[in-house]
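Dear colleague,

I am handing over the structure below, and my notes on it follow. Please read them with the model open beside you.

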Amino acid sequence: MNQKKGKIAIKPFRTQVQMDPKYAETTWNLLRGAISEIHKKNASGLSFEELYRNAYNMVLHKYGDKLYGGLKEVLEAHLDEVAQSVASAQDDDFLQVLNEAWNDHKTSMLMIRDILMYMDRVYVTQNTLPSVYDMGLSVFHTHVALHKRIKNRLLKLLLQHIQNERNGEPIARPLMRNITQMLVSLGLNSRSVYETDFEQHFLSTSSEFYRIESTHFIDANSCSDYMIKVENRLKEEMDRVQHYLDSGTEPKIKEVAERELITTHMKALVDMPGSGLVSMLKDDKIEDLMRMYHLLGRVTKGHDLMREVLENEVKETGKQIVTDPANLNKENSYVQALLNLKDKYDNILGKAFHNDKNFQHTLNQAFEFFINMDNRSPEYISLFIDEKLRKGLKGASEEETERTLDKVMMLFRFIQEKDVFEKYYKQHLAKRLLLGRSVSDDAERGMIAKLKTECGYQFTSKLEGMFTDMKTSSDMMDSFKTWVTNMDAKDPLGGIDLNVSVLTTGFWPTQSSANCILPAEVAKCCEIFKNFYLKDRNGRRLTWQTNMGTAELRAFFAKKHELNVSTYQMCILLLFNSSPNMSYKEILSTTGIPIPDLKRNLLTLSSPKYRILLRSNEQDKDIAEEDVFKFNDKFRSKLFRVKILAVVQKETVKQRNVTQQKIDEDRKHQIEAAIVRVMKARKKMEHSNLIAEVTKQLQSRFRPNPIIIKKRIESLIEREYLERSKADRKMYQYLA
């Protein structure tokens, strides 16, 4: 037989026991008395367990509203008395009295909260009311902090203490911190009370204070002194926040101070006569420049203003160097002045501006501007490098020479017309290699490596080809000497040690062939070499560049000397073996040396420095057609080997024009090649886009003029490389 299993449930007694209302009133009076004792600081005699049980019973029997409302009334009454006590305090004691009242209130509320903990958990939560502690803070705010005799007085004293501290007077920072933290706490998890009752007024008074102070101080002090003052003020404000203001005030007071102290006056600071940015730059005041960089970096457009003034100052200084008559035709002083200026601003950039990329870009723009004002800058830089690689730096190590060349390369980067530099560098390199005047091959190759890194292989391919020619020529001369030794004739060269450099026309700068008549014995040697060279090289042609050669002569004066001379000087001096005296016209007709070169070399040989030859009219600086020259058998020198250097001839205006014409001709071909490359890739292109693309491709070598590009386009259309679109005349089409 199946029986249903039953379950036994224990249920609470349904009849609710009601608390006697008199008991509730009695319990509240007991609790109110305990709260009063807590306010009087007599809590040691209270039984917190019993008080908690009484509060628990009131909430349990639905008297939570009576307990919560009664507590609020008690707190309000008590804090009204506290407010009167605080309000009656003297100014010197006011903040201290308020702080004590605040600390006492917090302590009391913690005890009361513990007694009424059950009410917090049940009644307060169910009715969505502020917790006991928060309600206590709210009552303190309304009855004490906002008291009509306390609120304004509190704000006034807080601001007065801050003003006193700004004026250098000591204040009680811990007390200030307690008061400001009180205002933050009264906001009940927000900064609203702190902001409304204090922070807004603090920021506005700070703005006014710094507005007045900065105006007075900038009128009476230098830029440097003003910046030091600003630094100190900003540091003080940050220190103030750290010690007794709320951390949220930091960005706000920082913005106020920076606006009044820096932004408002930064234009006046930078432009201040005698001590502003320009003066700092001129006098290399690194510390002041660093201070300005940091201060103006704090505000919007501060660095933009600095860079604008910096660029104008560098441009102006650079223009003075470029246009200085003292630097005209003096590449050494010209380039050295630019290097000194670059060193100066590199030092400032590194130490004061921390290598800021924006400041670096500004300096680069300024240097590029004034260096390209003078179209001879590429030539001057090439000449400067030529001198360093030819003579070296006196007393300088290889590392110092390397550093100098690295600095020159920085100037090279600013040159827009790099093809002009290449033209001159090639000429100067040719002379160094052929005349054996290089400091070292390593230095030469190092310089070419720098140019290759900067401009690419195409830029240096011909320069490297020149080195290849010199190496090939050295090997060829070894073969030639072996070949001469095996000839049937005895000493076919007549005791002359011939050394020939065979140059590839495309690599070396083209030279007009000078019509020089070589001495018979030298001409014979040249003919023998020509036969040797052409016997295995059919179809090639040798053209002698006598203007680039050198010779060593053994000369007999009172003592024997070896003279290191140019080929032209050799031709002149050998004439005096047959005659002790020769007129200028006789030398000209016999040697066939071009007149400018002949006069230059005769001037060198008869100059007071050497006096190998004596001139009939030594008073005149220039060689005249009537001059007669005599071999000076009384020549004296302490050196056995005497190196006679020809008077350096600067490039004439005519020669410079010829060089420029060659450059312009080369540019035409490069522009056309770039146009064809672009059009071959694009097939069809609009005029302005084609101009922009061609300019972009060529700007690493030179800046092509749009008018020249247009002319080259027209030339290519005439030669049927391109054609205009019939639908749009500004559109070009590539013809395969």
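Helix H19 (residues 398-414) has 17 residues, which at 1.5 Å a residue should span 24 Å, and its end C-alpha atoms are 25 Å apart, which agrees; the expected span is 1.5 Å times one less than the number of residues, and helices are DSSP runs (H or I, at least four residues) numbered from the N terminus. This is a predicted model, in which local features need pLDDT of at least 70 and side-chain atom pairs count only at pLDDT 80 or more, while totals for chains, interfaces and linings use all residues. Residues are numbered from 1 along each chain as its sequence is written, and side-chain values use heavy atoms, with hydrogens and water left out.

Among the buried residues of H19 are Thr401, Leu405, Val408 and Phe412, where buried means under 20% relative accessible area with a 1.4 Å probe, protein chains only.

The axes of H16 and H19, lines fitted to C-alpha atoms over the stretch in contact, come within 10 Å and cross at roughly 95 degrees. That makes H16 roughly perpendicular to H19, a term for angles of 65 to 115 degrees between N-to-C directions, on a scale from 0 to 180 degrees. In this contact (heavy atoms within 4.5 Å), residues of H16 including Leu338 and Asp346 meet residues of H19 including Lys407 and Leu411.

The largest nonpolar core has 76 residues, a core being a set of buried Ala, Val, Leu, Ile, Met, Phe, Trp, Tyr and Cys residues joined through side-chain atoms within 4.5 Å. Helix H16 (residues 331-351) gives the most to this core, with eight residues. Apart from this core lies another, of 66 residues, Leu158 among them.

Best wishes

Terms used
Buried means under 20% relative accessible area, exposed over 50%, partly exposed in between (1.4 Å probe, protein chains only). Helices (H or I, at least four residues) and strands (E, at least two) are DSSP runs, numbered from the N terminus. Angles under 35 degrees count as roughly parallel, over 145 as roughly antiparallel, 65 to 115 as roughly perpendicular and the rest as oblique.
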